[in-house]
Amino acid sequence: MTSRPAHGLVLVSLTLAFSGCNGGTVDRHALTNDASTLDSIACEGALLAHDVARGRTTTYFAREQAEELRIQSSNLADALSKRPALAAIEQKVRLKAKDAAALAATLQRLHDHPSDRAVGAAVERSLKKRGGCP
Amino acid sequence: MNKVLGLALGILAAIGGFVDIGDLVFNVAAGATFGYQLMWVVVVGVIGIMVYSEMCGRVAAVSGKAVFDAVRERVGFKAALGALISSEIVNLMTLAAEIGGVAISLQLLSGLPYRWLIVLAIAGFAIVIWVTSFEWLERVFGYGGLCMLVFAVAAVKLGPDWAKVGKGFIPHVAHNNKLLYAYFAIGLLGAAMTPYEVYFYSSGGVEDRWSPKDIGLNRANAILGYTLGGFLSLALMIVGGALFLVHGISPEHLGTIALGAEQPLGQVGLLLALVGILFAVGGASIDTVFSGAYNLAQFCGWEWGRYRHPRGAPRFALTWVVLLVLALGIVMTGVDPVILTEYAVIFSVAALPLTYVPILLVANDKAYMGSYRNGRLANVLGLVYLVVIMIVALTAIPLMVLTNAGQN
């Protein structure tokens, strides 16, 4: 039912789609996207920490979800510290890498103490400030 | 009483089929990105799946044959082969994503290692499918999935702006970020009209031995079941808009969705959400694996069906076992089930015409359906949706590329 040009279009589209992953040079657009992803991770972590602080979650859920978020921010830290960046924004990119690593470390605390209300409250404050969350 | 029990098929199809991992991901992400602006797309998708499921169920009730049987007979080998290949690829991707979702839900509930839980989930499904009757599969997963209703309670407790929610039902185009809006609209339609749903639905009708006297039951199943599924989809989108958009969160994990119930309802909300997701995604895994086995068996003319013991339909049984093993191989590579879901949904959109065109042709065939062929309303709706399907099929993959799969 599909023609050869249609097959070709699908193949090109697939190649482009799969190549659009976290590689290549960091430009302003990519930096903005990565920065908003970090803010999103921080705000989600803050919500989770809020529930830990109030005993409204389970230990397993808090631990596993904090770990997922930590891995995500850690991967971003790794990518932002290693990927080539436009000269004009290289310093900002490396700074953002440090922010991401700090975020990962904060989430690690939540992962290590998923039922400690005091840690939950401290992590919530730290993540809210870091992500500029409401 | 039998009719009441018969409605379980619709509930299973709705919770386990309509609200699957694709709906969870796309509805919450759409809410977190565009608030309530895409509510109308869910309604369009729900009506579409109702229209085509009703046709499939009617074909099954009148002819005693499921969709692929009829497709093979009426549209010829080449067209049917194209439909088979595309549906099997999308089915396998979806199955892998659903099983990954089951393992994640179990991990969030138990804290056990993810990869162990993948193996446990696959082994559990194989045993459950082998020893359990079709009726019990329907009941256990259909009713377990009703825990998802916690998202409706969460949506209300989060106190959304109901005026904005109401406006979301009016079809419109976003003022900014139009490409991303279109990508989400297509993803929502694709998630609502996933091909495996209709294949499973019609084969389920044959398994339940529907006859022309069950056409009313079929209509009730399609309307009630998918309305319930659509209601849950809307609740998920409201949670996305009222919680995640407000907090600047872009949900990228299945656990984030459960957080949407935990925030307003605490531990009880969290546990109900996780159990609901587990049953919904688990039910969808069963729908998908059966759908893959049904399609191949019906295309090849093998004996098929859960009402036969595996010894009575060995090639059908072997097919679902092989599909489970292939899905195990895919998930064990460590691929992210959420990303896999997004690709599966978009590719299924591209393949939609191969599923829905033959259904419309068969349901409208006087020689095949006699006096039960499509009426005027079914034909008008079927044709309108066919145009919609063609448009979204042509634009799905380019939009995925242009928006970097929704990452913009």
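Is C43(A) buried or exposed? I looked this up at the start, keeping in mind that the model is predicted. C43(A) counts as buried, because its relative accessibility is 4%.

**Entry: the bond of C43(A)**

I then looked for a partner. C43(A) forms a disulfide with C133(A), and the two sulfur atoms lie 2.2 Å apart. A disulfide is a covalent bond between the sulfur atoms of two cysteines. I noted the turn about the S-S bond as -100 degrees, which makes the link of C43(A) and C133(A) left-handed. The pair joins distant parts of chain A, 90 residues apart. C43(A) sits in helix α2 (residues 28–53), while C133(A) is in the segment after α5 (117–131).

**Entry: the other end**

I checked C133(A) for burial as well. Its relative accessibility is 15%, so C133(A) counts as buried.

**Entry: chain B**

Next I turned to C56(B). This cysteine is in no disulfide, and the nearest cysteine sulfur, that of C300(B), is 19 Å away. C56(B) is buried, with a relative accessible area of 1%.

**Entry: count**

How many disulfides are there over all chains? I wrote down one disulfide, and the pair I found is C43(A) with C133(A).

How values were computed. Residues numbered from 1 in each chain as written. Chains lettered and ligands numbered in written order. Predicted model: local features only at pLDDT ≥ 70, side-chain atom pairs only at ≥ 80, totals over all residues. Heavy atoms only, no water. Disulfide = S-S within 2.5 Å. Helix = DSSP H or I, 4+ residues; strand = E, 2+ residues; numbered from the N terminus. Buried < 20%, exposed > 50% of the residue type's maximum accessible area, 1.4 Å probe, protein only.
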